[in-house]
Amino acid sequence: MADVVKIATRDSYGNALAELGKEKPDLVVLDADLAAATKTGVFKKVFPERHIDCGIAESNMAGIAAGLSTCGKVPFMSTFAMFAAGRAFEQVRNSIGYPKLNVKIGATHAGISVGEDGASHQCNEDIALMRTIPGMVIINPSDDIEAKAAVRAAYDHQGPVYMRFGRLAVPVINDKPDYKFELGKGVLLKDGKDITIFATGLEVAESLEAAEMLEKDGISVRVINIHTIKPIDSEIIIKAAEETGKLFTVEEHSIIGGLGSAVAEVISENHPASLYRIGVRDTYGESGPAKELLHKYELDAEGIYKQIKEKM
């Protein structure tokens, strides 16, 4: 996929905010001294009066965002996933989630693909944390097009939304005229009858590549993009369980509490089927080049292919 255009979804986030800001005068952006890294600086250049740098005080930023939302603004608070979901969890839960305020959280630098920043910044637990907050919508876009659509969908949704973006440039795979983003709806990217791969975020492109490798071995693979982790598309999951039986989830996140857990919950209650979770296996990440880390943790196409072949 070397010839495919690659864009980091954090870049998509910054660009989408700047574009949406032209249409929505009530949109304001907050960041925690990371405007260059989260790309909210793109919005700041266009609308400096609607950008608030809260400093390295993420919990306080959540409180400010909550307050702004009660004054008719639609705040997008932005920082690394580790700090948005981890450090500010109490404020997100109590000040944003509990009163069901209209705050959007743009969490960048998620997963081990943060690379050289190392284990302290590689948040593999954020989806699990956010899933536990009642009413919190969680979106993990797969590419530039989906990330931009997610920002607009988050604005249109009334209530708290958590969006997960990455640092690593990923292939643009949704550049199709019939592409449509809908909250809570999975996307069938490739049909197949033997197994189903449910993937999210940057693992969608890797899973499509792995599926091609599996097809060469005579395994018919269905690939489904689950961009919305919560609310999850139970219908598409149950249908795959009924029609293919063998299910795999792939995520750049801990296998505990993320996409794998969400899919397991759906099938255990509706249509039990064989499920194997591919992701970060109860361990911390480490410092290193993003692509090398994905390979080491078997989260690239080769690793996904290998794990599925072993389980088949």
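**View 1. Pairing of β13 and β14.** Leu-247 has Leu-275 as its bridge partner in β14. The strands β13 (residues 246-254) and β14 are parallel and share six bridges; two strands count as paired if DSSP finds at least two bridges between them. Helices (H or I, at least four residues) and strands (E, at least two) are DSSP runs, numbered from the N terminus. The model is predicted: local features need pLDDT of at least 70, side-chain atom pairs count only at pLDDT 80 or more, and totals for chains, interfaces and linings use all residues. Residues are numbered from 1 along each chain as its sequence is written, and side-chain values use heavy atoms, with hydrogens and water left out.

**View 2. The five-stranded open sheet.** Its strand order is β9-β11-β10-β13-β14, and the pairing is mixed. From one strand to the next the twist averages 25 degrees; axes are lines fitted to C-alpha atoms, for helices over the stretch in contact, and angles run from 0 to 180 degrees between N-to-C directions. Helix α13 (residues 301-311) packs on this sheet and touches β10, β13 and β14, contact meaning heavy atoms within 4.5 Å. The direction of α13 makes about 150 degrees with that of β14.

View 3. Strand β11 (residues 221-225) is largely enclosed by the rest of the structure, because five of its five residues are buried (under 20% relative accessible area, 1.4 Å probe, protein chains only). Val-221, Val-223 and Asn-225 cover one side, Arg-222 and Ile-224 the other. Strand β9 (residues 187-190) runs antiparallel to β11 with three bridges, and Lys-190 stands opposite Val-223. Strand β10 (residues 195-199) is parallel to β11 over five bridges, with Ala-199 opposite Asn-225.

**View 4. Nonpolar cores.** A nonpolar core is a set of buried Ala, Val, Leu, Ile, Met, Phe, Trp, Tyr and Cys residues joined through side-chain atoms within 4.5 Å. The largest has 48 residues, and Met-77, Val-92, Tyr-162 and Phe-198 have the most contacts inside it. A second, separate core of 29 residues includes Ile-197, Phe-248, Val-280 and Leu-299. Not counting residues up to four places away in sequence, Phe-198 touches several residues, among them Ile-224, Leu-247, Phe-248 and Val-263.

**View 5. The seven-stranded open sheet.** The order is β3-β2-β4-β5-β7-β6-β12, with mixed pairing. Its edge strands are β3 (51-53) and β12 (228-230). Strands β2 (residues 27-31) and β4 (residues 74-80) are parallel over five bridges, and Leu-30 has Met-77 as its bridge partner in β4.

Definitions and conventions: Buried means under 20% relative accessible area, exposed over 50%, partly exposed in between (1.4 Å probe, protein chains only).
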